[in-house]
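Let's take a friendly walk through a protein model, from its overall layout down to single side chains. Have a look at the sequence and the structure first.

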Amino acid sequence: MFFERNMFPQALLVKELSIIKKIRTNERVPVFNEPLKKLRVCAYVCVSTNQAEQQESFAAQVQHYTSYINGNPEWTFVGVYSDQGISGKNAAKRPEFMRMIQDAENKKFDLIITKSISRFARNTADCLETVRKLKLLGIAVRFEKEGINTLTAESELMLSILSSVAEEELASISQNMHWSNQRRFKKGKFSVNT
């Protein structure tokens, strides 16, 4: 009697394993003949001044992203959106940035690549609001310097912290420039940019 009771569960287990084995061998993996859809990729480039070194950086970024995106066989190059000589503090004052957001709403691309958070936005609220909007549209932003892809789970926290740092950096630069100008005025030295 003891022997028969212990055998019964084993018999069921063997029967279940043979059923599972049959199911696995009968399943067929579907074959897709259609090529995979390429990811439509654009870049966003921004420099805040028209100084010579910034101009060189601007041109280098545009060239870099154009060849970088075109060089990836899994991507389709959509274009480069670029704001030149405009501060990153207010998104609404950057025409190419706003055009990029409009094109995102019209589903013209799947991924935006940019150099860093500070190039994308120096205002924490603008940065997070824009990234959340893009995320709802299924569009990722990849920040190369920080190594953040906004469609990953941990990106929101990292983005909050780093965009706050970028915003504080902008405020510090502004204060330093203001202090420097005041010192020059007191010494009777000043220049006017034309």
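A residue is called buried when its relative accessible area is under 20%, exposed when that area is over 50%, and partly exposed in between (1.4 Å probe, protein chains only). By this rule, buried residues make up 30% of the 194 residues in the protein. This is a predicted model, in which local features need pLDDT of at least 70 and side-chain atom pairs count only at pLDDT 80 or more, while totals for chains, interfaces and linings use all residues. Residues are numbered from 1 along each chain as its sequence is written, and side-chain values use heavy atoms, with hydrogens and water left out.

## The overall layout

Helices (H or I, at least four residues) and strands (E, at least two) are DSSP runs, numbered from the N terminus. The protein has 6 helices and 5 strands, and along the sequence they follow the pattern α-β-α-β-α-β-α-α-β-β-α.

The accessible surface, from the Shrake-Rupley method with a 1.4 Å probe, comes to about 13500 Å². Carbon and sulfur atoms hold 57% of that surface. Contact means heavy atoms within 4.5 Å. Among contacts between residues at least 6 apart in sequence, 67% join residues at least 24 apart.

## How the strands pair

Two strands pair if DSSP finds at least two bridges between them. Strand 3 (residues 111-114) runs parallel to strand 4 (residues 140-143), with 4 bridges; here leucine 111 has alanine 140 as its bridge partner. Strand 4 also pairs with strand 5 (residues 148-149), this time in the antiparallel sense over 2 bridges. In that pairing, arginine 142 has asparagine 149 as its bridge partner. The hairpin of strand 4 and strand 5 has 4 residues between the strands, and glycine 147 there takes a positive phi near 65°.

## Inside the protein

A nonpolar core is a set of buried Ala, Val, Leu, Ile, Met, Phe, Trp, Tyr and Cys residues joined through side-chain atoms within 4.5 Å. Which residues touch the most other members of the largest nonpolar core? Of its 21 residues, they are Tyr44, Met100, Phe109, Ile112, Phe120 and Leu134. Strand 1 (39-47), helix 3 (95-105), helix 4 (117-120), helix 5 (124-136) and strand 4 each supply at least two residues of this core. Helix 3 gives the most, with 4 residues.

Leucine 134 is in contact with Ile101, Ala104, Ile112, Phe120, Ile139 and Val141, leaving aside its neighbours within four places in sequence. Apart from this core lies another, of 12 residues, among them Ala43, Val45, Tyr65 and Ala140.

Glutamine 61 belongs to helix 2 (residues 52-70). Is glutamine 61 buried or exposed? With a relative accessible area of 6%, glutamine 61 is buried. Not counting residues up to four places away in sequence, glutamine 61 touches Val45, Val47, Lys115 and Arg119.

## Rings that meet

Rings of Phe, Tyr and Trp (its six-membered ring) pair if their centres lie within 6.5 Å; planes under 30 degrees apart count as stacked, over 60 as edge-to-face and the rest as tilted. The count comes to 6 aromatic pairs. In one of them, the rings of tyrosine 44 and phenylalanine 97 have centres 5.3 Å apart and planes at 75°, so this pair is edge-to-face. Tyrosine 44 in strand 1 and phenylalanine 97 in helix 3 are 53 residues apart in the chain. Tyrosine 44 is buried at 0% relative accessibility, and phenylalanine 97 is buried at 1%. Ring pairs also link Tyr44, Phe97, Phe120 and Phe143 into a cluster.

## Charged partners

Side chains of opposite charge can pair when their charged atoms come close. A salt bridge is a side-chain nitrogen of Lys or Arg within 4 Å of a carboxyl oxygen of Asp or Glu. The whole structure holds 6 salt bridges, including these:

| aspartate 103 | lysine 108 | 3.6 Å |

Glutamate 105 in helix 3 and lysine 133 in helix 5 are 28 residues apart, so their pair links distant parts of the chain. Aspartate 103 is buried at 9% relative accessibility, whereas lysine 108 is partly exposed at 44%. Both of these residues belong to a salt-bridge network that links Glu96, Arg99, Asp103 and Lys108.
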